[in-house]
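Dear colleague,

Please find below the structure that I am handing over to you. My notes on what was found follow it.

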Amino acid sequence: MPVFKVAALDKTGEVRTFFYDNQTSSLTNEDGTACDLSHLGVEKKALGAYTSPVEMQGKTTKLKRLRIQLGLSCNYSCDYCSQRFVPHADATNPSDVPAFMEALPRWFDGGTDGLGAGVKVELWGGEPFVYWKTMKPLAEALRARYPNISFLVITNGSLLDEKKNAWLDEMGFAVGVSHDGPGQHVRGPDPLENPEQRAAIMDLFRRLHPQGRMSFNFVLNGSNTSRKAVYEFFRDLTGVDNVPLGEGTLLDAYDDGGLSNSLATGASLQAFAVQAFNEIVSDLGLNKVSIVNNQVAEFIHSIVDGRPAAMLDQKCSMNRSDNIAVDLNGNVLTCQNVSPVSVAPNGKLHHIGHVNDLANAVPVTARHWSKRDYCTQCPVLQLCKGSCMFLEGKLWDASCDNSFADNI
């Protein structure tokens, strides 16, 4: 069982030694006594709150997250998009909506109240607004049948306009606009450079930000490593201090484009780790970027709660039985970033089953972190959670290295 020795410099300049166990989440002083974290005011969770199994298993009708894949078409072609080289299946269309809605109550229990409470429904592309003629009637039918569900959509923002914005507001959507701030030119086209697209994005922000329903979602890469620079970009764009920023980690290398934008040397990874740490503790502050605050809070919770590694979700949570990705034909997928005809690195189809047989819709395309030697022996396991569960080979190695530097 891996135990790590941690040398820490306190505020007085004194070096203190701790021991950390990544499997039991125990943090002890040099003399073996448990560290007292009571001054942080973190309330201990019951271990029953952690329910993720180590082994992959089939899906359940008692869903907490339903990701609906509308199709992988997009009006952009970004350099490190996770879907860039994924083979497309036949596109869905508005005529698929009635049959999907008719079948839905047979494989979804409707949440805690039968009306969608406690369930997040996410509509995914490609670019979801490429599928506007399908997305609109689908969302309206879902809202009518399950008025208490939560809606989320992630978009590049280029196809927004005032009418769509008003609809998103009325339907209660939370919206994440994917944009890398000062590093957007590395990813691909920049809708903020188009006056009409910029105006539409800012109109949506003015509508949804006061309700806490919009964020700008960025990823860092080898050419765009500063969270401080990203934060300042969006603060200046919106005029809002503590502008909501989502995602915010170093990218996972899903293909050669992602690989070429990853940090590739020990020196660059170490330099990033030092820069990230300095930004967090001095220039930026925990409250400016949600991923930082969330990760620090989760790590503290893991120690306070004594969370065993066996209870860890995979990073994306798509190993959970109550998280599911489907298309409008009822095909169950590994996740929303693949299609029924795409093949995982292990040679198996990402089409893992059908909603008519959820118990056997097991993500055989994936490898749980517990099956990777590196993960079980890693000090940041409780934060990284095994990176992307279907990556293998050089792509997983690069993603692992980047995730380690970020989380350390």
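Two residues are in contact when heavy atoms of theirs lie within 4.5 Å. Among the contacts in the protein between residues at least 6 apart in sequence, 69% join residues at least 24 apart. Please note that this is a predicted model, in which local features need pLDDT of at least 70 and side-chain atom pairs count only at pLDDT 80 or more, while totals for chains, interfaces and linings use all residues. Residues are numbered from 1 along each chain as its sequence is written, and side-chain values use heavy atoms, with hydrogens and water left out.

The protein contains 12 helices and 12 strands (DSSP runs of H or I with at least four residues, and of E with at least two, numbered from the N terminus). Its C-alpha trace spans about 65 × 50 × 40 Å along the principal axes. Of the 408 residues, 51% count as buried (under 20% relative accessible area, with a 1.4 Å probe and protein chains only).

Helix α12 covers residues 393–407, and its buried residues include L395, W396 and A405. Helix α8 (residues 266–284) holds A273. Is A273 buried or exposed? A273 is buried, with a relative accessible area of 19%. Leaving aside neighbours within four places in sequence, A273 is in contact with A405 and I408. By comparison, V240 is 33 residues from A273 in sequence, and their C-alpha atoms are 27 Å apart in space.

Yours sincerely

How values were computed. Buried < 20%, exposed > 50% of the residue type's maximum accessible area, 1.4 Å probe, protein only. Expected span 1.5 Å × (residues − 1).
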